[in-house]
Amino acid sequence: PRTPRTPRTSAGDWDSCTGEIAPAQARAVFGTFNAQIRSCYERRLKADQFLQGDLTVSVRVAADGHVDGTQLTGTLRDREVFSCIRGVTSRMRFPAPGGRDCAVVQVPYRFTPQQ
């Protein structure tokens, strides 16, 4: 099996984030984009009907609330899905993280073909 790669801007940028975003606020932001994220998977499913897996979407939220990095990890391995999801997360806007620092928000997804 291949070792999962974790794309990062740089380790220090992510590990040093100490700001927080309330879980309800994070869910609300992701909730408005869930259909677009699912659509990234659905488009690729047309080319690969067996494409499925788990994916954790992690976004680094800058002090002003914009997303300045995205990490995708899990068992789903598809560059086109990853690229599409990065495009979606780049449009997300969060409230400024508490503590005036960056924050990291993680959301798990399970993608399976609809029966």
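The following conversation walks through a predicted model of one protein.

Biologist: What share of the contacts with a separation of 6 or more comes from residues 24 or more positions apart?
Modeller: Such residues account for 78% of those contacts.

Biologist: Let us turn to disulfides. How many are there?
Modeller: The count is 2 disulfides. Counting bonded cysteines along the chain, they follow the pattern 1-4, 2-3.

Biologist: Which cysteine pairs with cysteine 17?
Modeller: Cysteine 17 forms a disulfide with cysteine 102, and their sulfur atoms are 2.0 Å apart. This pair links distant parts of the chain, 85 residues apart. Cysteine 17 sits in the loop between helix 1 (11–15) and helix 2, while cysteine 102 sits in the loop between helix 3 (79–89) and strand 3.

Biologist: Why is that disulfide of cysteine 17 and cysteine 102 called left-handed?
Modeller: The torsion about its S-S bond is about -105°, and the disulfide of cysteine 17 and cysteine 102 is therefore left-handed.

Biologist: Is cysteine 17 buried or exposed?
Modeller: Cysteine 17 counts as buried because its relative accessibility is 15%, and buried means under 20%. Cysteine 102 is also buried, with a relative accessible area of 5%.

Biologist: Which residues does the other disulfide join?
Modeller: That one joins cysteine 40 to cysteine 84, with an S to S distance of 2.0 Å. Because cysteine 40 lies in helix 2 and cysteine 84 in helix 3, the pair ties together parts that are 44 residues apart in sequence. The torsion about the S-S bond of cysteine 40 and cysteine 84 is about -70°, so this disulfide is left-handed. Cysteine 40 is buried, at a relative accessible area of 2%.

Biologist: Changing topic, how many aromatic pairs are there?
Modeller: There are 3 aromatic pairs. In one of them, the rings of phenylalanine 30 and phenylalanine 94 have centres 6.2 Å apart and planes at 55°, so the pair is tilted. Phenylalanine 30 is in helix 2 and phenylalanine 94 is in the loop between helix 3 and strand 3, 64 residues apart. Both phenylalanine 30 and phenylalanine 94 are buried.

Biologist: What about tyrosine 109 and phenylalanine 111?
Modeller: Tyrosine 109 and phenylalanine 111 form a stacked pair, 5.7 Å centre to centre with 5° between the planes. Tyrosine 109 counts as buried at 13% relative accessibility, and phenylalanine 111 does so at 2%.

Biologist: Which residues form a cluster through ring pairs?
Modeller: Ring pairs link Tyr41, Tyr109 and Phe111 into a cluster.

Biologist: Finally, what lines the second largest pocket?
Modeller: The lining of the second largest pocket has 13 residues, and Ala26, Arg27, Val105, Gln106 and Val107 lie nearest the centre. Helix 2 (23–45) and strand 3 (103–111) each supply at least two residues of that lining.

Biologist: How much space is in that second largest pocket, and how is its lining divided by class?
Modeller: About 160 Å³ of space lies in the second largest pocket. Its lining comprises 8 nonpolar, 3 polar and 2 charged residues.

Key: Residues are numbered from 1 along each chain as its sequence is written. This is a predicted model: local features need pLDDT of at least 70, side-chain atom pairs count only at pLDDT 80 or more; totals for chains, interfaces and linings use all residues. Side-chain values use heavy atoms; hydrogens and water are left out. On a 1 Å grid over the protein atoms alone, a cavity is a set of points where a 1.4 Å probe fits but cannot get out, and a pocket is an open set with protein on both sides within 12 Å along at least five of seven lines; lining residues have an atom within 4 Å of a point. Grid points are joined across faces, edges and corners, and a volume is the space filled by probe spheres set on the points. Helices (H or I, at least four residues) and strands (E, at least two) are DSSP runs, numbered from the N terminus. Ala, Val, Leu, Ile, Met, Phe, Trp, Tyr, Cys and Pro count as nonpolar, Asp, Glu, Lys and Arg as charged, and the others, Gly among them, as polar. A disulfide is a pair of cysteine sulfur atoms within 2.5 Å. Buried means under 20% relative accessible area, exposed over 50%, partly exposed in between (1.4 Å probe, protein chains only). Rings of Phe, Tyr and Trp (its six-membered ring) pair if their centres lie within 6.5 Å; planes under 30 degrees apart count as stacked, over 60 as edge-to-face and the rest as tilted. Contact means heavy atoms within 4.5 Å.
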